[in-house]
Amino acid sequence: MELEKRNAFSTNWGGEIVKVEGLTVWTPEERSWWRKKPTKPKTVILNNVTDSIQNGEFLAILGPSGAGKTTYLVSLAGKCTLPSKGNVTVEGRNVSELPTGTVEILPQFDVFMDCLSVMEHLVFMMEMKLGRSVKTANKTILQTIMGALKLNAHERTFIRSLSGGERRLLSLASSLLSSPQILICDEPTTDLFKEFSSICLMSEGKILFHGTHQGCKALFDSVDLRCPVNYNPAEFYIKAVSNACGNVNHVERILENYRNRFRGCEPSYEGPTATPRPPICRRTWPKQVQILLWRFSIRFRRDIKILAISLLLSTIIGAVVIGTCFAGSTGTTQTGVQNLRGFLWLICSEVSFSLSYTALFSFESELPLFRREVGVYAVSAYYVARFLSEVPRCVIWPIPFVTITASAVELPNHFVTVLEIYFALLVTGLASTAYGLGMGALFISSGTMGDVMPCTDLPLFLMSGAFLRISSLPVWLYPVKYISHFYYAMDAISNIYWRQIGEIDCPLNTTNTCVKNGAAVLMENGYSSNFVLQDTLGILLVVTLWSILGYYGLKKEKRKGYTY
């Protein structure tokens, strides 16, 4: 049995609170650009549904799988993004125009950031919905809800440690924070059928019946369908209208009898007087970023052991290997020139690749939570907070690469040069992170980001100058270097090192052309002479470009609508 509960609280006026008129919802036809025939036909989910729900009515919506129940509930909550026609109004106002929190939906499946505690999650939701959690009124609301749902004992418990029932209570508490006028619950329980004041029976996207328990029994009796003794009435009704059992005729007969004999006979309900709703607070954009960043920072602290292991395996060991291979290398000999070029490229690429590929899969794991929280915060605020939450990684990751590897090679003005290279890699890490987040957001739903990104990496790291002379590029390919964070990173750290190399030894018996000094190395690779300004503006361009693309990708996911 599939059971949903809707509880309406409003002023005591006793009339209808929700009105549905001619609601039709469908999935659009899908076509491939190379085929004329549709790959997926148009499917009608709700078929011209018209109904009304009274103030104070406690309603169970029943029906077999595929009847359209969840789509109907999401439409009542104003969160359905599928093509539709018809109207859903609450007290005469279109449901999509209602203030945030007027209608809340408790989904069938719970989605949380599991590393948070129960209190931390509720504080986050309260900060987003009602404003500052330290306000006396908000504290009272929070404590009242936690007490009523018996969550006080789990205040400091991590969500990942909660049982299934406790997670449902936490979802309910999150929905109740804004004191919704209408609360919609998708499959809250299967044991309360007799407690509902009325029944709504659905099949094939249509409402077959809406009324009392007695009315439903009378309707089924009228078509010679009687529930056996000691049989669950809800299961009997669902089975009777299920197509899986070949009961198509039953559906038509029930619908016809309901229209002819029972339509318009539903009793009215007297709704309880509602307690005043707390004022809904729409947080400013900077405040949304701050609250989201607070939540991300909690996860960062809780996952610090995992990050430490990742740092050890992906950076420290790699830095030791690189340092061992280039031990004793110097840029003052002809042999050392090639070695130092490879050395600089390796520390640049290792930092860039590790940060970009870590960021690449960030949104994939967070997508269900992001789509569940659609409307709670702005997409741009979420992206900016997610980017800022990666800054500590950008600060930490270059440290072992620079300190360990730099100790193995000869650097002029060692301490200052190490600091300058570290800072250049830190800034490059920001661009690498933006690149990873942007690619991850663009291909988040297809799951192909891991396949697409290596193809994008190839032209970008070829622009670094480590493998070919940038000045020799074709004119049409030359502009690609301006969107390559590898180019700006190599340009910066190469200038930092080679500008300090005055003269490079050239053996008398060599037949190869010698590079005379560090300036000649920079010229040979095609690096900039005014690297500070160019690389600063270039990194800013790369961060902005990939952030815009990442925002577009998340916006596309938001348009797909609420996850239920």
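C506 and C514 are joined by a disulfide, with the sulfurs 1.8 Å apart; the term here means a pair of cysteine sulfur atoms within 2.5 Å. The structure holds one disulfide. The torsion about its S-S bond is about 65 degrees, so the disulfide is right-handed.

A word on the source. This is a predicted model, in which local features need pLDDT of at least 70, side-chain atom pairs count only at pLDDT 80 or more, and totals for chains, interfaces and linings use all residues. Residues are numbered from 1 along each chain as its sequence is written, and side-chain values use heavy atoms, leaving out hydrogens and water.

Now the cysteines. C506 is partly exposed at 38% relative accessible area; buried means under 20%, exposed over 50%, and partly exposed in between, with a 1.4 Å probe and protein chains only. C325 is exposed, at 61%, whereas C394 is buried, at 1%.

Next, the cores. A nonpolar core is a set of buried Ala, Val, Leu, Ile, Met, Phe, Trp, Tyr and Cys residues joined through side-chain atoms within 4.5 Å. The largest has 109 residues, and L292, I493 and W498 have the most contacts inside it. Helix 15, residues 414-442, gives the largest share of this core, twelve residues; helices are DSSP runs of H or I, at least four residues, and strands are E runs of at least two, numbered from the N terminus. A second, separate core has 28 residues, including I53 and V90.

What does L292 contact, leaving aside neighbours within four places in sequence? Its partners are F124, M128, Y377, A381, Y382 and A385, where contact means heavy atoms within 4.5 Å.
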